Amino acid sequence: MSDFFPILRFDHLEFYVGNARQAAGFYEKFFGFKPTAHRGLETGSRKVASYVMEQGTIRLVLSTALNSEHTIAEQVLKHGDHVAVVALEVPDAVAAYRQVTARGAIGAIPPTRAEDEFGVLRYAAIHAYGDVLIKFVDRQDYRGVFAPEFQPQPAVSTDRGVGLQAIDHIVSNVELGEMDRWVQFFTDTMGFQLLIQFDDQAISTQYSALMSKVMRDRSGRIKFPINEPAPGQGKSQIQEYLDYHQGPGIQHIACSTRNMIETVTKLRQAGVQFLHVPSNYYQDLTARVGNIDESIERLAELGILVDRDQEGYLLQIFTQPVEDRPTLFFEIIQRHGASSFGEGNFKSLFEAIEREQALRGNL
Ligand code: FE2
């Protein structure tokens, strides 16, 4: 294992969208991200316009094509607005690319250097599930705002957003029978380890089921759970995603906060819609999870879920899909020691998802 490349952190997530200017407004007004850099016709970018949005250590890049022939336009036509690139910061992008392609990864962008007056940015990318790319970014010799072609956006306010801090994990959905192939990919090609797995017994309701395996890099900072649908009485929520995304892709992005109540209060005030939690969820909560710092009354008002493992407890909440297709959504999570993923909430969570799925006529 020692010869696998190290990963420093999530660098950014690039979304391909139909209208990046409007998406930037959405992530600013609803989720509290601040625009920090931009590229477009004004900055000499003739084919793509992008907005870099930041909060805490989270960086989203929203990109749109300026003509219909561009890959971004083709992929948005197929998937709708979606997460297309998961970028990881590494000390040496060329070495990372050579290692993973030598182990079987399919190259998408060969090692590339982009240069401007702020230095040299090195990057490369490989193919992952569906049309998703995993990109390696080496910022050691680059001091610019984000990348060449981008110009800084003037700071419009000192507002610190809604308190989103970091990316906790990124979940993908793959087709039935494909999960283990991607587990193998992360193990053999990327040097990840299997952290935990959930079978369809653990994650099933009356209607639908799924299976999940969580892959983690050696630092423990990068976690990629992978879901596949399991046959049930109705259509698995994973299958609904696959039908509307038209293939495998990123299902949800979990962002951490240090103050769940404040963050969710601000998100709700901004108009973010969350999955509805039945009020009886809170009736025997203390019996299930023991004593916690937060007021259960307040958690119930905000619809925040709680779960406990051997190491501590966590608070979590899930948004509704952030586009019209029932595909990508966000999770907000605060860990009080717990390192798990809220297994205790799976059943009530999935029942909540199925209520929405039934409203869409897809259960
Ligand atoms: Fe999650």
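Me: How do strand 15 and strand 16 pair, parallel or antiparallel?
Reply: Bearing in mind that this is a predicted model, strand 15 and strand 16 (residues 312–318) pair in the antiparallel sense, and five bridges hold that pairing.

Me: What about strand 14, is it enclosed or open to the outside?
Reply: Strand 14 (residues 249–257) is largely enclosed by the rest of the structure, because nine of its nine residues are buried.

Me: Which strands pair with it, and in what sense?
Reply: Strand 10 pairs with strand 14 in the antiparallel sense over eight bridges, and there Ile-167 stands opposite Cys-255 of strand 14. Strand 17 pairs with strand 14 in the parallel sense over five bridges, and in that pairing Ile-253 stands opposite Phe-330 of strand 17.

Me: Switching topic: which residues coordinate the iron ion?
Reply: The iron ion is coordinated by His-169 and His-252, each through NE2, and by Glu-331 through OE, at 2.0 to 2.2 Å. Along the sequence, these donor residues follow the spacing H-x82-H-x78-E.

Me: Now the nonpolar core, how many residues are in the largest one?
Reply: The largest nonpolar core has 94 residues, and those with the most contacts inside it are Phe-15, Tyr-27, Leu-88, Phe-136, Phe-186, Met-190 and Phe-224. Another core, of ten residues, lies apart from it and includes Ala-37, Val-52, Ala-147 and Phe-150. As general background, nonpolar side chains in soluble globular proteins tend to be buried together.

Me: What does Met-190 touch?
Reply: Leaving aside residues up to four places away in sequence, Met-190 touches Phe-4, Phe-5, Leu-88, Val-100, Ile-126, Ile-134, Phe-136 and Phe-185.

Me: Last topic, how many aromatic pairs are there?
Reply: A search of the whole structure finds 22 aromatic pairs. One of them joins Phe-26 and Tyr-27, whose ring centres are 5.0 Å apart and whose planes meet at 90°, so this pair is edge-to-face. Phe-26 is partly exposed, at a relative accessible area of 24%, whereas Tyr-27 counts as buried at 5% relative accessibility.

Me: And what kind of pair do Phe-346 and Phe-350 make?
Reply: Their ring centres are 5.6 Å apart with the planes at 35°, so the pair of Phe-346 and Phe-350 is tilted. Phe-346 and Phe-350 are separated by about one helical turn, because they are four residues apart in helix 9 (residues 346–359), and both of them are buried.

Me: Which rings link into a cluster?
Reply: Ring pairs join Phe-10, Tyr-129, Trp-182, Phe-185, Phe-186, Phe-192 and Phe-224 into a cluster.

How values were computed. Residues are numbered from 1 along each chain as its sequence is written. This is a predicted model: local features need pLDDT of at least 70, side-chain atom pairs count only at pLDDT 80 or more; totals for chains, interfaces and linings use all residues. Side-chain values use heavy atoms; hydrogens and water are left out. Donors are N, O and S atoms within 2.8 Å of the metal (3.2 Å for Na, K and Ca); water is not among the atoms, so sites may look incomplete. A nonpolar core is a set of buried Ala, Val, Leu, Ile, Met, Phe, Trp, Tyr and Cys residues joined through side-chain atoms within 4.5 Å. Buried means under 20% relative accessible area, exposed over 50%, partly exposed in between (1.4 Å probe, protein chains only). Contact means heavy atoms within 4.5 Å. Two strands pair if DSSP finds at least two bridges between them. Helices (H or I, at least four residues) and strands (E, at least two) are DSSP runs, numbered from the N terminus. Rings of Phe, Tyr and Trp (its six-membered ring) pair if their centres lie within 6.5 Å; planes under 30 degrees apart count as stacked, over 60 as edge-to-face and the rest as tilted.
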